[in-house]
Amino acid sequence: IIWNAETGTILSTLQLPHPNMVLSVAFSPDGLKLAAGSSDCTIRVWRTDGAELLLKIIAHQHWVRSVVWAPDGTQLVSASYDNTVKFWNSSNGDHINRPCTGHINYISSLAISFDGSFIATASDDQTVRLWSTKTHQRIGPTLRHTAKVNCVAISHNGELLVSGDDSGKVLLWSLKN
């Protein structure tokens with residue numbers, strides 16, 4: 001559902017075929033498109049004015065748990081319960097390069113840096129990992145929790161990362177150096 005935040009009025013309702021669940025939503029940087037990752041392994045992209053379906057991407061072999069836009073709007077990045085991260089051309093849905101692989105359990109969340117140079121993934125394997133958006137290779141150390149990691153965010157300047165886990169811990173990490 002797209003809401004008017006000032007009035008609480010429903011502007012549009014976008015519906016997936018029953019019984020699918022929407023697991024992640026993200027606006028494009030210009031606010032003109034909305035992407036949704038779902039339990040039917042797809043990413044759908046709609047126009048926000050008029051709710052026209054623009055793309056349906058068969059993205060993963062398991063639920064699409066998290067989806068984000070690159071800051072320039074040209075790519076979508078998705079993370080799945082199939083333990084992979086994939087990159088997509090946001091205008092035609094084409095897969096870009098190879099997936100990021102290495103987590104040994106579900107990826108529950110991902111975040112992209114504000115300059116678009118790297119992403120962070122949070123996983124049930126109790127780790128947060130960093131990946132280059134250019135090479136799709138791991139960068140930096142593996143950040144370890146003592147419980148399943150549910151969420152991750154990157155500060156605007158790209159110097160800090162925060163992650164939260166099943167034990168209720170929120171860890172703040174420095175990415176400088």
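**Strands and stacked rings**

Colleague: What is the relative accessibility of isoleucine 139?
Modeller: Buried means under 20% relative accessible area, exposed over 50%, and partly exposed in between (1.4 Å probe, protein chains only). Isoleucine 139 counts as partly exposed, so its value falls in that middle class: 33%.

Colleague: What kind of model is this?
Modeller: Residues are numbered from 1 along each chain as its sequence is written, and side-chain values use heavy atoms, with hydrogens and water left out. Local features need pLDDT of at least 70, side-chain atom pairs count only at pLDDT 80 or more, and totals for chains, interfaces and linings use all residues; the model is predicted.

Colleague: Which residues does isoleucine 139 touch?
Modeller: Isoleucine 139 sits in strand E14 (residues 138–144). Strands are DSSP runs of E with at least two residues, numbered from the N terminus. Contact means heavy atoms within 4.5 Å. Leaving out residues up to four places away in sequence, the touched residues are Phe118, Leu130, Trp131 and Ser132.

Colleague: Which residue is the bridge partner of serine 78?
Modeller: Strands E8 (residues 75–80) and E9 (residues 84–89) run antiparallel, joined by 5 bridges. In E9, the partner of serine 78 is lysine 86.

Colleague: Why is the pair of tryptophan 63 and tyrosine 81 called stacked?
Modeller: Rings of Phe, Tyr and Trp (its six-membered ring) pair if their centres lie within 6.5 Å; planes under 30 degrees apart count as stacked, over 60 as edge-to-face and the rest as tilted. The count comes to 2 aromatic pairs. Here the centres are 5.8 Å apart, and the pair is stacked because the planes stand at 25°.

Colleague: How many residues apart in sequence are the parts tied together by tyrosine 81 and tyrosine 106?
Modeller: This pair is also stacked, at 4.2 Å centre to centre and 15° between the planes. Tyrosine 81 is buried at 18%, whereas tyrosine 106 is partly exposed at 31%. Tyrosine 81 lies in the loop between E8 and E9, and tyrosine 106 in the loop between E10 and E11 (107–112), so the separation is 25 residues.

Notes
Pairing = 2+ DSSP bridges. Helix = DSSP H or I, 4+ residues; strand = E, 2+ residues; numbered from the N terminus.
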